[in-house]
Amino acid sequence: MPGLKDVSTAPFPFHIMTKPRGAICNLDCKYCYFLKKEALFPGSNFRMSDPVLEEYIQQYIRAQPHPEVSFAWQGGEPTLMGLDFFRKAVALQAKYRRPGMRILNSLQTNAITLDEEWCRFFREHQFLIGVSLDGPQELHDHYRVDKGGAPSFQRVMQGIQLLQQHDVSFNILTTVHAANEDHPIRVYEFLRDEVAARYLQFIPIVERENATGYQEGHTVTDRSVTATKYGEFLIAIFDQWVRNDVGRVFVQIFDVALAAWSGNPAGLCVFEETCGRALAIEHEGSVYSCDHYVEPNYHLGNIMDVPLAEIVVGADQRQFGEAKRDALPQYCLDCEVRFVCNGGCPKNRIIQTPAGEAGLNYLCEGYRAFFNHIDEPMQIMAQLLREEKPPALVMSQMPGLERRKNHRYPHTGRNETCPCGSGIKYKKCCGRLRSN
Ligand code: SF4
Ligand code: SF4
């Protein structure tokens, strides 16, 4: 009725990870946080049915207040639904899109099932494909194995080649863990030079030690990256990138940082002040607070019973999102890099601050080191942006910056703590830039 607010539309845009095949996957990656979710749906066939798919697409489009709607297909392995499922999905998107609306699709895959037909489809419908690849063969195959324990690297690389041959846009999602944490440059140069990837994400593996796969317990598995190593990993790649590759290679956490140094929102939930606008939907229509909280305590409702727009604005989800900010320990409130870090993802807030307060992020030490280390180049890039110049001009300023740093810390020993404030060893931090 005219004048009445459409209650099926949310007042803000939000994002949903869609799990059409639930946790079902053709690989058995040893650190995967999602495989255990199979236990949540005993007896299920783990396939999103046509009625659920149609209801979801209709509600999701309708609930978005803005004319750009982004579908993210994930798993498990979403391509195990078969291509016909995605043909139906894009047909339904066309059916329900409002005039002037732009629909985008992204799909996260291990790339093993990809063939010519998939790639033609992705190209035709302009899907953005995220491929999971943990570095060169021996680093990738350490944890990314199939159900029989066989390595997956060769098959993943074939999938990437097909995407490239068909000119499909793709990015690489690399997890950082115990097997590759000591090899940042090898990983980076492999992805840049041998895979020819231009969009990279480096996601830390922080895997809780428990039988449920839920976010509970305070210890992590041996496969998890350590906080220090994660910081050193990012620092090593940043130093390489900022000297050679700005504007040519795009690394998600560097983009997030530049946004923050420019006074803009991070654009990634992990580093936003609050969260709660990145939910997950399972194959049978159940909606959860977040992809990392697909567990009973964070079940918000099922779209076959409750409209999605209502679920998204519900009190439980609001509280979930605001707790990220409200539960920050004093240590974070006083931190010099909180403007970019915001305490990180709540799922990793499992350690205590030096004063004994709970709720500090397991990765704190790494985040703090990394964000302090990149401060000066980030300030330069943010200034370039303000002057409407390309941030890539920072590369020509790096030799001067390195000379100034060497001059500033002339007597620091390689094993001493770096004076820049990162808290890690000089040789792993600003000492990297030292040419002598
Ligand atoms: S819990 Fe973590 S991953 Fe989930 S929405 Fe919040 S910040 Fe993002
Ligand atoms: S770096 Fe550590 S102390 Fe600072 S905001 Fe992040 S988690 Fe908190």
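**Figure 1. Cys 429 lies in the segment after α15 (394-408).** The model is predicted: local features need pLDDT of at least 70, side-chain atom pairs count only at pLDDT 80 or more, and totals for chains, interfaces and linings use all residues. Residues are numbered from 1 along each chain as its sequence is written, while chains are lettered from A and ligands numbered from 1 in the order in which they are written. Helices (H or I, at least four residues) and strands (E, at least two) are DSSP runs, numbered from the N terminus. Cys 429 is buried, with 28 other C-beta atoms within 10 Å. A residue counts as buried with 20 or more other C-beta atoms within 10 Å of its own, as exposed with 12 or fewer, and as partly exposed in between; C-beta atoms are placed from the backbone. Leaving aside neighbours within four places in sequence, Cys 429 is in contact with Ile 235, Ala 369, His 373, Cys 418, Cys 420, Ser 422 and Ile 424. Contact means that the C-beta atoms, placed from the backbone, lie within 7 Å. Leu 139 is 290 residues from Cys 429 in sequence and 24 Å away in space, C-alpha to C-alpha.

**Figure 2. Ten strands form an open sheet.** Their order is β7-β6-β5-β4-β3-β2-β1-β8-β9-β10, and the pairing is mixed. At the edges stand β7 (250-251) and β10 (299-302), each with a single partner strand, so one side of each has no neighbour in the sheet. Two strands pair if DSSP finds at least two bridges between them. Strands β1 (residues 15-18) and β2 (residues 68-73) run parallel, joined by 2 bridges. Here Thr 18 stands opposite Trp 73 in β2.

**Figure 3. Strand β4 (residues 128-132) is largely enclosed by the rest of the structure, because 4 of its 5 residues are buried.** On one side, 4 bridges join β4 to β3 (residues 102-109), and the two run parallel. Ser 106 has Leu 128 of β4 as its bridge partner. Another 4 bridges link β4 to β5 (residues 170-176), again in parallel. Ser 132 has its bridge partner, Leu 173, in β5.

**Figure 4. Helix α3 (residues 116-124) belongs to a right-handed β-α-β unit with β3 and β4.** Right-handed means that, with the strands pointing away from the viewer, the path from the first strand over the helix to the second runs clockwise. The buried residues of α3 are Trp 118, Cys 119 and Phe 122. Seen down the helix axis, they fall within an arc of 95 degrees, so they line one face of α3. The arc is taken from the directions from the helix axis to the C-beta atoms. Their cover includes α2 (83-96), β4 and α5 (153-165). Exposed on the other side of α3 are Glu 116, Glu 117 and Glu 124. Just after the helix, Gln 126 takes a positive phi of about 55 degrees.

**Figure 5. Residues surround ligand 2, among them Tyr 331, Cys 332, Cys 335, Cys 341 and Cys 364.** A residue is near a molecule if its C-beta atom, placed from the backbone, lies within 6 Å of it. Elements giving two or more residues to this shell are α11 (330-333), α12 (338-341) and α13 (364-373). Helix α13 gives the most, with 3 residues. The shell divides into 7 nonpolar, 3 polar and 2 charged residues. Ala, Val, Leu, Ile, Met, Phe, Trp, Tyr, Cys and Pro count as nonpolar, Asp, Glu, Lys and Arg as charged, and the others, Gly among them, as polar.

Definitions and conventions. Two residues are in contact if their C-beta atoms, placed from the backbone, lie within 7 Å.
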